[in-house]
Amino acid sequence: MISSSSIDIHIADPAVAVGAAADNWLALLDPAERARCDRFKVEGARREYLTGRALVRSTLSRYAAIAPADWRFEANQYGRPAIAPEQAAKAPGLVFNLSHTRGLVALAVGRDCELGLDIEWIDRQSRLAELCTRYFAPDETAHVRAAEGEELTERFFAFWTLGEAYIKARGMGLALPLDGFAYDITHEPPTIRFEPSCPDDPARWRFLRRPVGDRHRLALAVASLEPDIRVRFQWAEALMRGDEGDRGVKDRAGIRIPGEVVLLRGEGRHAS
Ligand SMILES: CC(C)(COP(=O)(O)OP(=O)(O)OC[C@H]1O[C@@H](n2cnc3c(N)ncnc32)[C@H](O)[C@@H]1OP(=O)(O)O)[C@@H](O)C(=O)NCCC(=O)NCCS
């Protein structure tokens, strides 16, 4: 079991979801997950989904005595999946959040906290500055537009991943108003401010953002009672080895994940 002062982030490469490995992972899925997998028309999206489901199931089994195929999940009204109540006794307080994007899948696992994770492939398109007003608070938009080139892209994806991480930690999807909160990323770690349309207390949140290789950016949002939280990144080695031998190692050779254990300090006053 994981301690409530730790969060593990497991990262997997969906390129490995082929051949025998994909067949093995499909066998872990429940009928609804398998049906959803079958409905994907785009092969890349299908692999991301399959890798995500296999990552959740096989990884959670490292923290509780439940076999990967036996996990049951229940989604809230906004679609956020959680461990089904009937399995809670075997996995007390265990929480997770999954994120997938082109080329990577990431899973955060913690205990007795609210957590949200987002990973994005950096799309270096030129329209990012225009997209800001649709998704970001005015101060965030101004901060993105004050930059150019690579820095503009970095700022855009910082606000995007942090915004998604918070929305996902709350588990309410886009029912939360996107202009109801605004981040300040001019210092590390980032901080958040809330508007009356999104009542919340900034003091209960801690955030982390990190590059994962050159092409992906990741953000984590956590509300916890713990004073210090250790965040550890790791490749989902066991999952990725599968029947594909070292194929996963080759595919991810160019992607560096953060090597350090990151300490998130905070007051942790009132996690719910
Ligand atoms: C659905 C949403 C939670 C994330 O969607 P997404 O961009 O596809 O993000 P991710 O890949 O990071 O997350 C998907 C996973 O999160 C989980 N999830 C689903 N609904 C969730 C919710 N309400 N809260 C938290 N997690 C949720 C699921 O595990 C899902 O994966 P699965 O369907 O394979 O099981 C939601 O935030 C959304 O629709 N966002 C749209 C984009 C947007 O406008 N963002 C604004 C940026 S500031």
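Ala, Val, Leu, Ile, Met, Phe, Trp, Tyr, Cys and Pro are counted here as nonpolar, Asp, Glu, Lys and Arg as charged, and the remaining residues, Gly among them, as polar. On that scheme, the shell around the ligand in this predicted model is made up of nine nonpolar, eight polar and four charged residues.

**Ligand surroundings**

- The ligand is surrounded by 21 residues, of which the closest are Gly79, Arg80, Ser99, Gly163 and Lys168.
- At least two residues of this shell are supplied by each of helix H3 (43-60), strand E4 (94-101) and helix H6 (149-170), and H6 gives the largest share, with five residues.

**The five-stranded sheet**

- Five strands form an open sheet in the order E4-E5-E1-E11-E12, and their pairing is mixed; the edges are E4 and strand E12 (262-265), each of which pairs on one side only.
- Direction ignored, neighbouring strands of this sheet are turned against each other by 20 degrees on average.
- Helix H3 packs on the sheet, where it touches E1, E4 and E5, and its direction makes about 30 degrees with that of E5.
- In general, the strands of a sheet pair through backbone hydrogen bonds, either parallel or antiparallel.
- Strand E1 (residues 6-12) runs parallel to strand E11 (residues 228-235), to which it is joined by six bridges, whereas the pairing of E1 with E5 is antiparallel and extends over five bridges.
- Asp8 has bridge partners in both of these strands, namely Arg232 in E11 and Val109 in E5, while Ser6 stands opposite Arg230 in E11.
- E1 is mostly covered, in that five of its seven residues are buried.

**Local backbone features**

- The peptide bond that joins Glu188 and Pro189 is cis, with an omega of about -10 degrees, and Pro189 belongs to the loop between strand E7 (181-184) and strand E8 (191-194).
- Asp112 is not a glycine, yet its phi is positive, at about 55 degrees; the residue is found in the loop between strand E5 (104-111) and strand E6 (114-121).
- Asp112 counts as partly exposed because it has 16 C-beta neighbours inside 10 Å, a count that lies between the limits of 12 or fewer for exposed and 20 or more for buried.

**Gly180 and its contacts**

- Gly180 is located in the loop between H6 and E7, and it is classed as partly exposed because 16 other C-beta atoms lie within 10 Å.
- Leaving aside residues up to four places away in sequence, Gly180 touches Phe194, Glu195, Ser197 and Cys198.
- Gly180 and Phe136 are separated by 44 residues in sequence, and the C-alpha to C-alpha distance between them is 9.5 Å.

**Annotated domains**

- An unreviewed UniProt entry carries the annotation "domain: 4'-phosphopantetheinyl transferase N-terminal" for residues 26-108; over this range the chain is 34% helix and 23% strand, and its end C-alpha atoms are 21 Å apart.
- The UniProt annotation "domain: 4'-phosphopantetheinyl transferase", likewise from an unreviewed entry, covers residues 115-219; over this range the chain is 36% helix and 26% strand, with the end C-alpha atoms 11 Å apart.

Definitions and conventions:
Residues numbered from 1 in each chain as written. Predicted model: local features only at pLDDT ≥ 70, side-chain atom pairs only at ≥ 80, totals over all residues. Near = placed C-beta within 6 Å. Helix = DSSP H or I, 4+ residues; strand = E, 2+ residues; numbered from the N terminus. Pairing = 2+ DSSP bridges. Axes fitted to C-alpha atoms, helices over the stretch in contact; angles between N-to-C directions. Contact = placed C-beta atoms within 7 Å. UniProt positions renumbered as here; feature names shortened; annotations may be inferred.
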